[in-house]
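Student: Could we go through this structure together, one question at a time?
Tutor: Gladly; here it is.

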Amino acid sequence: MASVADFAQAQAPVYHQERPAKSGLVDWLTTVDHKKIGILYGSAGLFWLLIGGLEALLFRLQLAKPDQDLFIGNQYNGLVTMHATTMVFLAVMPMIAGFSNYFVPLMIGARDVAFPRLNAFSWYTFLFGSLVINASIVFAHFPAGGWTGYAPLSTRAYGNDGMDFWWAGLVLLAISSMVAGVNFVVTILNMRAPGMTLMRVPVLAWMMLVIQFLLAFSFPPVAVGLIFLAFDRTFGAVFYESAMGGDPHLWQHLFWLFGHPEVYVLILPSMGIVSEVLPVFARRPLFGQHAVIFSGVFIGFVGFGVWGHHMFTAGMGPIADAVFAATTAVIAIPTGVKIFNWLGTLWGGKLTFPVPMLFAISFIPMFTIGGLSGVMHANAPLDLQQHDSYFVVAHFHYVLVGGALQGLFSGIYFYFPKITGKMLSEGLGKAHFWLFLLGMNITFWPMHDLGNRGMPRRIFTYPADAGWNFDNMLGTVGVFFMAAGTLLMVYNIFTSMKNGKTAGRDPWDANTLEWMTESPPPAHNFDFTPVVFSERPLFDHKHSEDLAIPVPHEAEQIHMPSYSWKPLVVASGALLVILGLLLLNLAPMLWLISVAGALTVVVGIYQWVTEPV
Amino acid sequence: MAALPLLLAWLAGCSSEPAPRDTHAPVSDNGEISSFFYSLLLYLDAAILAIVVAVWAYALVKFKKQAGDDTLPEQSHGNMKLEVIWTAIPTLIVVAITVPMLVGVFQMSKRHDPNQPVVEVDVTGKQWWWEFDYKSGSAAGLHTANELHLPADTAVTLHMTSADVIHAWWVPRLGGKRDANPGRNYPMSFTAKAPGIYDGQCAELCGSSHALMGTKLVVHPLAAEVEVDYKGQKVKLESYETWVKAQLQPAKPPVAELEKGLKLFKERTCPSCHLINGLEGTDIAARSATSGPNLTHVGSRMAIAANTLVNNPENIAKWISKPSAVKPGSKMPDGLVTPEDAKTIAAFLSSLK
C-alpha cells in the first residue's frame with residue numbers, strides 16, 4: 001500500500017513561465033495564481049464577516065429592550081441594510097469564492113483555472129465593489145433601503161444618498177460574479193485530470209459548478225434592475241415610478257429572480273463542504289454520492305422557478321401565488337434527500353470528532369430546522385402571516401448561519417492545514433464551536449416565537465407591552481456568544497499560522513486529490529498529472545496495492561501563466577465608470593471620470609489581449 | 001435532545017409573557033386558515049425533526065470510533081432501495097400538504113358576493129400613517145386615520161394602496177398582511193369574528209419611521225354595546241352603526257376657552273394638511289397624496305401619531321411641538337408651534353371627540 005509520503009519522492013520541478021513572478025506586495029497585486037486569489041477572497045470574506053457581525057451587534061443592542069434610542073430611524077435601517085448586504089455579498093460569497101478558487105483546481109487535478117487573468121479581474125471588481133458600498137459611510141450615510149432595495153423607497157424621490165453607493169457597489173459585484181461564474185464553469189467542465197469523469201468530481205467541486213451556473217444566469221436580471229435603479233437615481237428615469245407608468249413590482253421580480261438562486265449560491269457550497277468532511281471523519285464514502293450531486297443540480301434548476309414566494313403578500317394574484325407555492329414545496333424533496341444521505345454516511349462509520357467534523361455534524365440539525373421552517377413559508381396562506389415577520393428572520397438565519405456559515409467554518413478548520421501547512425488549535429476550535437452553536441440558538445430560536453407574536457422585521461423599536469421583551473433580550477445576549485466564538489477563530493488563525501503543528505500533505509487521512517500534494521501546494525499544484533480511477537483517488541492510492549505513483553513531469557512540461565497588471569487596470573477602469581455615475585449628482589462635470597474609466601477599460605482590454613502569457 | 005420538546009413547546013406559544021398580537025389567536029376567517037396551516041406544519045415539522053435528530057444522535061453515539069480500532073468500516077457507497085424510499089416519502093408528504101394549501105390560497109383570495117352587504121374601505125399607506133376611506137354602506141364618505149373600525153360578522157373588503165413607498169398593513173390577530181403598493185389597488189377580503197381592539201403595524205420597510213407606523217383595528221359588535229378586554233383593561237365598544245353616526249357628524253365649534261386653540265391651529269398653517277369637517281377655515285385643504293390625517297374626531301381616537309402615543313393633551317402637545325423627536329423623518333415640520341402654543345392647540349384638538 002502506498003502512503004501520501006510517496007508522492008514527495010520527486011525533486012520539485014521548476015515550471016516554465018513567460019515572465020518570472022514578482023515578489024512581495026507587487027506579487028499579490030499582479031498574481032494570477034488561483035491559490036493566492038483564493039487567499040485574498042477568503043481573507044476579505046473573513047474581514048467583512050467581522051464588520052457585518054459588528055453591525056448586527058450594534059442593532060441588537062438597540063433591540064435589547066423596548067423604547068431605546070441608540071440607533072433610530074435611518075441609522076438603524078442603515079445598520080440592518082449593511083448587515084445583510086455585507087453578510088451576503090461581502091462575507092459569505094467571497095468566502096465561498098475563496099474555497100472555490102483555492103480548491104476547485106486542486107480537487108479536479110488542474111494547474112489553475114481556465115482563465116487566470118479573468119480570475120484576477122473578478123477579485124478586483126469584487127474588492128472595488130465592497131469598498132464602494134462601504135464608502136457610503138464616509139461620503140454620506142449608510143444605504144437604508146434594506147438589502148432588498150425595494151423601489152420606490154430606494155429611488156431618488158426618497159433621498160437616501162447611501163443607496164447610490166449601494167447600487168454602484170452591487171453592479172461591480174455583479175460583474176465580478178458573472179465573470180467568475182463563466183470562468184469556473186469552463187474550468188470544471190474542461191480541466192479535470194485524466195480519468196475524472198463528471199461523476200467522479202468531488203461533491204464540493206460539483207456544488208461549486210452548480211453555483212457558478214446560478215451566478216452566471218441569476219446576476220443578469222438583478223444587474224438590469226440595478227442599472228434601472230441607477231438611471232432612476234442619476235438621470236431621473238422612472239422604471240419603478242407608478243405615477244409615470246413604471247412599476248415597483250418590476251424591481252421585486254428582477255431582484256428575486258436573482259435573489260432566490262442566490263440563496264442556493266450561499267448554501268450549496270456548504271452542503272458540498274459537509275459532503276467532503278463527513279466521509280473523511282466517518283471513514284467511509286459519502287452515502288449515495290450520485291443522489292447528493294443530482295439533488296444539488298435539481299435544487300439549482302428549480303431554484304430559478306420559485307422567486308415569487310418572496311412576493312406572496314405583494315398582490316400577484318392567487319394563480320401566481322399557487323404556482324410559486326407549489327414549486328417552492330418541491331425544493332423540500334432534494335433537500336431532504338441530502339439530509340438523509342448525510343445521516344446514511346454517519347450510519348455504520350467509525351466517527352471521530354475534530355473541529356471540522358463538529359461543525360459538519362451540527363450543520364445537519366441546524367440546517368434541518370431552517371429547511372423545515374422554509375416548508376412553512378412555502379405555504380402561501382401561512383406565509384401571509386409570517387412574511388416580513390421575525391419568523392422569517394429566524395428561518396433564514398438558521399439556513400445561513402446554522403447552515404451556510406457553519407459549513408464554511410467546517411471548511412476553514414478542514415482546509416486551513418492545506419492552505420498554510422499548519423494545523424489550527426483544536427482546543428480553541430472546540431471553544432469556538434460550542435460558543436457559536438449556543439449563541440446562534442439563543443439568538444435565533446426565540447425569533448420564531450417573536451414572529452408568532454406578531455413582531456415585524458426591520459423595526460428599530462417596539463412598545464413594552466407587545467410581549468416581545470424576553471425574546472428580544474435573548475436575541476441580544478446570544479450575539480455576544482457568537483462574536484466571542486468568531487473572534488476566537490480569528491485569534492486561532494493568526495497564532496496557528498505561526499505556531500501551529502505542521503500539517504503535512506494529508507493530516508486528516510482524506511480521500512481527494514488536493515491532499516495528495518504538499519501543504520501549501522506549490523505554484524503548479526502537482527508535480528505530476530494525477531490519474532483518477534474513482535471518486536476517491538487518494539483513498540485508492542492509499543488502499544490498493546497496484547496503483548503506481550505517477551511520474552513527475554520534467555520542468556519544461558509545466559507551463560504556468562505569468563503575472564499581469566492588466567486585470568487591475570481593467571477593473572480600475574470599470575470602477576471609474578461607476579464612480580463617475582455615482583458622483584454625477586455632486587457636480588455635473590464628473591461624468592468625465594466615467595469617460596476616463598471607459599477609455600481605461602478599452603485600452604486595458606487591448607493590452608490584455610495582446611499580452612504574452 | 002431533552003431540550004427539544006421544551007423548545008417546541010415554546011414555539012407553540014407557551015411563554016409566560018402575554019402575546020397581545022398572537023398570530024395564532026385569529027379573529028377572522030383568513031386568520032383561521034393561516035393558523036390551521038401553522039398547526040398542521042408545526043406537528044409535521046416537529047415529527048420530521050424528531051426523526052432526523054434521533055437518527056443523528058443515535059449514529060453519533062453508536063458509531064463513534066473506538067480507541068485503538070484502526071480498521072476501516074464497511075465501505076458502502078449507498079443503497080438504491082433506501083434512496084428511492086427517502087425520495088418517495090417526502091414527495092408524498094409534499095403532495096399531501098400542497099393540495100390543501102392550494103385550496104387555502106384560493107380561499108384567502110376570495111371575493112365577496114357583491115349582492116351581500118359588504119363594508120369596503122380604501123386603505124392608503126403614507127409615510128408613516130394609515131388613511132381609511134369608507135366606500136360603502138352607512139359609512140360611505142367617512143375618512144379616518146390609523147384606527148380602522150369594522151363591524152363584526154360582516155364581509156369586509158379592504159383595497160390596499162399607497163401614496164408613496166410600499167407599506168404592508170398587518171394586524172396579526174386579524175390574519176395575513178397585504179402590501180400597499182403605489183399605483184396598485186389590491187383587495188383583501190375577510191370577515192372579522194370577535195369584537196375587540198387589535199394592534200398592528202406596517203410590515204414592509206418604508207423609511208425612517210417604519211417602526212412607528214402603527215395601526216389599530218377596532219371590531220365593533222353589530223348591535224348592542226359589548227365590553228372587551230384590551231391590555232388588561234375593560235373597554236366598552238358601542239355598536240358599529242353608533243360609531244359611524246358619531247363619526248359622520250361634523251365638528252362642533254369649540255367652547256370659548258378652546259377658541260384660542262382653533263385660532264392658533266389656523267394661524268400656524270395646520271389646515272393646509274389637516275381637515276376638520278365643519279369648522280370654517282379648517283376645510284381649505286384639498287385632500288391629496290400629501291395631506292395628513294383628518295382631525296374631525298381626533299379626540300375620539302385611542303392613540304395618536306399612528307398608534308405611537310396614547311391620546312391625551314400632553315402627548316398631542318409633545319407630538320406637534322417637535323414631531324421629529326417622536327418620529328424620525330416625520331413629514332410634519334418641526335418648529336411650527338412653540339411648546340406653549342402646542343398646549344393650547346392640544347387642548348382644542350382633544351375636545352374633538
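Tutor: Let us start with a term: two residues are in contact if their C-beta atoms, placed from the backbone, lie within 7 Å. This is a predicted model, in which local features need pLDDT of at least 70 and side-chain atom pairs count only at pLDDT 80 or more, while totals for chains, interfaces and linings use all residues. Residues are numbered from 1 along each chain as its sequence is written, and chains are lettered from A and ligands numbered from 1 in the order in which they are written.

Student: Which helix gives the largest share of the side of chain B that touches chain A?
Tutor: The contact takes 77 residues from chain A and 82 residues from chain B. Helices (H or I, at least four residues) and strands (E, at least two) are DSSP runs, numbered from the N terminus. Among the elements of chain B that each supply at least two residues to this side are helix 1 (3-11), helix 2 (29-62) and strand 6 (167-170). The largest share, 15 residues, comes from helix 3 of chain B.

Student: And how many residues of that side are nonpolar, polar and charged?
Tutor: In this count Ala, Val, Leu, Ile, Met, Phe, Trp, Tyr, Cys and Pro are nonpolar, Asp, Glu, Lys and Arg are charged, and the others, Gly among them, are polar. For the side of chain B that touches chain A, the division is 43 nonpolar, 24 polar and 15 charged.

Student: In chain A, at what angle do helix 3 and helix 13 cross?
Tutor: Axes are lines fitted to C-alpha atoms, for helices over the stretch in contact, and angles run from 0 to 180 degrees between N-to-C directions. Residues such as A:Phe99 and A:Tyr102 of helix 3 of chain A make the contact with helix 13 of chain A, where A:Leu408 and A:Gly411 are among the partners. The axes of helix 3 (residues 73-107) and helix 13 (residues 390-420) of chain A come within 11 Å and cross at roughly 35 degrees.

Student: Where does helix 13 of chain A kink?
Tutor: The bend at a residue is the angle between axes fitted to the seven residues ending there and the seven starting there. In helix 13 of chain A there is a kink of about 40 degrees, shortly before the proline A:Pro417, and it lies at A:Phe414.

Student: Is A:Ser496 buried or exposed?
Tutor: A residue is buried if 20 or more other C-beta atoms lie within 10 Å of its own, exposed if 12 or fewer, and partly exposed in between, with C-beta atoms placed from the backbone. A:Ser496 lies in helix 15 (residues 469-499) of chain A. Leaving aside neighbours within four places in sequence, A:Ser496 is in contact with A:Lys422, A:Met423, A:Leu424 and A:Ser425. With 20 C-beta neighbours inside 10 Å, A:Ser496 counts as buried.

Student: Why do strand 3 and strand 8 of chain B each have one side without a neighbour in the sheet?
Tutor: Two strands pair if DSSP finds at least two bridges between them. Five strands of chain B form an open sheet in the order 3-2-1-5-8, with mixed pairing. Strand 3 (143-145) and strand 8 (186-191) of chain B each have one side without a neighbour because they stand at the edges, each with a single partner strand.

Student: Which residue stands opposite B:Asp122 in strand 5 of chain B?
Tutor: Strand 1 (residues 118-126) and strand 5 of chain B pair in the parallel sense over eight bridges. Six of the eight residues of strand 5 (residues 155-162) of chain B are buried, so this strand is largely enclosed by the rest of the structure. Opposite B:Asp122 stands B:His159.

Student: What is the bridge partner of B:Met160 in strand 8 of chain B?
Tutor: Strand 5 and strand 8 of chain B pair in the antiparallel sense over six bridges. In strand 8 of chain B, the partner of B:Met160 is B:Tyr186.

Student: What is omega for the cis peptide bond that joins A:Ser519 and A:Pro520?
Tutor: Most residues other than glycine have a negative phi, and most peptide bonds are trans. A:Pro520 lies in the loop between helix 15 and helix 16 (537-543) of chain A. For the cis bond from A:Ser519 to A:Pro520, omega is about -10 degrees.

Student: Does B:Lys231 count as buried or exposed?
Tutor: B:Lys231 lies in the loop between strand 11 (226-230) and strand 12 (233-237) of chain B. Its phi is near 50 degrees, a positive value in a residue other than glycine. With 11 C-beta neighbours inside 10 Å, B:Lys231 counts as exposed.
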